[in-house]
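Here is a short briefing on one protein model. Look at the structure first, then work through the points below.

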Amino acid sequence: MSGGQHVATIDLAHDQAAVLADLISLDERFAAFALDSWTARKTTRLTLYLPSRPGRTRLGELDGLVRRAGNRSANFTVAPLPERDWVAEGLSGLPPVRAGRFLVHGRHVRSVRRANDIAIEIEAAQAFGTGHHGTTAGCLTAIEAALARRWTIRRAADIGTGTGLLAIAIARMAHVPVVATDIDPVATATARANARHNGVAAYVQAATAIGTGHALYRETGPFDLIVANILAGPLARLATDIRRIAAPGARIILSGLLPDQQRSVTAAYRNTGLRVAGARHVDGWLTLAFDRPHRQH
Ligand SMILES: C[S@@+](CC[C@H](N)C(=O)[O-])C[C@H]1O[C@@H](n2cnc3c(N)ncnc32)[C@H](O)[C@@H]1O
């Protein structure tokens with residue numbers, strides 16, 4: 001492989017794309033590459049992010065998976081990826097973090113905001129979630145990708161909200177109600193204060209709960225977008241509960257995972273009827289995306 005970051009894309013019938021996404025996600029040769037899927041009316045586009053231009057062997061491997069997914073003629077198209085997506089800029093204190101359109105920064109670096117940014121101000125506090133961790137950054141880019149393509153989001157949930165950053169990001173971008181819960185009451189209070197500080201108190205409802213064990217989930221669900229940045233063990237145990245609060249067509253984003261936990265967590269969520277929709281790696285941490293199919297019993 002050579003050159004800078006590249007993307008490989010392919011448009012397939014929904015069923016074939018779902019099979020191919022599974023094959024890629026479970027294939028060790030592609031474990032280090034982020035995968036995203038975008039469902040249009042007739043086809044699904046899969047996008048694989050590669051660190052450099054793939055050579056003939058790698059393309060042959062990919063096309064081999066396309067054949068295994070049941071398509072005899074389609075091939076991946078490869079193009080350079082314009083500009084990297086998120087960078088940390090080296091200012092004093094905690095530097096601001098860019099993740100797609102989101103800019104997460106402390107009070108001391110407001111000046112770096114640009115016109116098109118969705119700027120979120122979070123101070124490093126007692127709760128987890130300033131955007132500097134690979135799991136949070138992976139969730140932010142996955143949230144942006146999901147929201148940029150889905151216009152029918154009515155409500156969202158952030159399980160293990162910490163500072164509330166992910167809930168605030170969703171509320172700022174999509175202007176929909178977000179239930180934000182955490183097992184830790186200090187985190188819940190921090191999330192509430194941060195939502196107020198960022199002008200989305202009317203959208204973010206913060207509460208203390210283990211997993212989905214709060215009446216808010218029953219009373220205000222189902223949810224079209226669910227994020228949970230916890231850890232592999234609790235996430236695997238929460239699979240059925242999370243599937244239960246997911247609306248048909250929902251996107252579920254999970255993080256807090258190490259690459260070697262991909263198989264077990266993927267299996268737990270696929271067993272509930274969810275489909276793999278993507279995987280991205282940031283700083284050695286894995287973020288997974290799943291979709292609940294529109295039609296399912
Ligand atoms: C890695 S931090 C994520 C914070 C923030 N969402 C982010 O992405 O930066 C995980 C958070 O989940 C909370 N947590 C851990 N186990 C949980 C559980 N079973 N139910 C709800 N929250 C949990 C922790 O208290 C912590 O605030």
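Helix α5 covers residues 185-197, which makes 13 residues. At 1.5 Å a residue it should span 18 Å, and its end C-alpha atoms are 18 Å apart, so the two agree. The expected span is 1.5 Å times one less than the number of residues. Helices (H or I, at least four residues) and strands (E, at least two) are DSSP runs, numbered from the N terminus. This is a predicted model: local features need pLDDT of at least 70, side-chain atom pairs count only at pLDDT 80 or more, and totals for chains, interfaces and linings use all residues. Residues are numbered from 1 along each chain as its sequence is written, and side-chain values use heavy atoms, with hydrogens and water left out.

**Helix α5**

- Ala187, Thr188, Thr190, Ala191, Asn194 and Ala195 are buried in α5. Buried means under 20% relative accessible area, exposed over 50%, and partly exposed in between (1.4 Å probe, protein chains only).
- Seen down the axis of α5, the buried residues fall within an arc of 165°, so they line one face of the helix. The arc is that of the directions from the helix axis to the C-beta atoms.
- An α-helix has 3.6 residues a turn, so residues three or four places apart point the same way.
- Pro185 and Arg196 are exposed on the other side of α5.
- The cover over the buried residues of α5 includes β7 (118-121), α4 (165-174), β9 (178-182) and β10 (204-208).
- Asp184 caps the N-terminal end of α5, with a side-chain oxygen 2.9 Å from the backbone nitrogen of Val186.

- Three strands form an open sheet in the order β5-β6-β7, with mixed pairing. Two strands pair if DSSP finds at least two bridges between them.
- β5 (97-99) and β7 are the edge strands, and each pairs on one side only.
- Neighbouring strands of this sheet are turned by 20° against each other on average, direction ignored. Axes are lines fitted to C-alpha atoms, for helices over the stretch in contact, and angles run from 0 to 180 degrees between N-to-C directions.
- β6 (residues 102-105) pairs with β7 in the parallel sense over 4 bridges. His105 has Glu121 in β7 as its bridge partner.
- Helix α3 (residues 134-149) packs on the sheet and touches β5 and β6. The direction of α3 makes about 150° with that of β6. Contact means heavy atoms within 4.5 Å.
- α4 lies across β6 and β7, at about 145° to β7.
- Both faces of β7 are covered: Ile118 and Ile120 are buried on one side, Ala119 and Glu121 on the other.

**Thr272**

- Thr272 sits in the loop between α9 (262-270) and β13 (275-282).
- Is Thr272 buried or exposed? Its relative accessibility is 18%, so Thr272 counts as buried.
- Thr272 touches Ala239, Thr240 and Arg243, leaving out residues up to four places away in sequence.

**The whole protein**

- The protein has 9 helices and 14 strands.
- Of its 297 residues, 54% are buried.

Methods. Polar contact = N/O pair within 3.5 Å; in protein donor to acceptor, adjacent residues only side chain to side chain.
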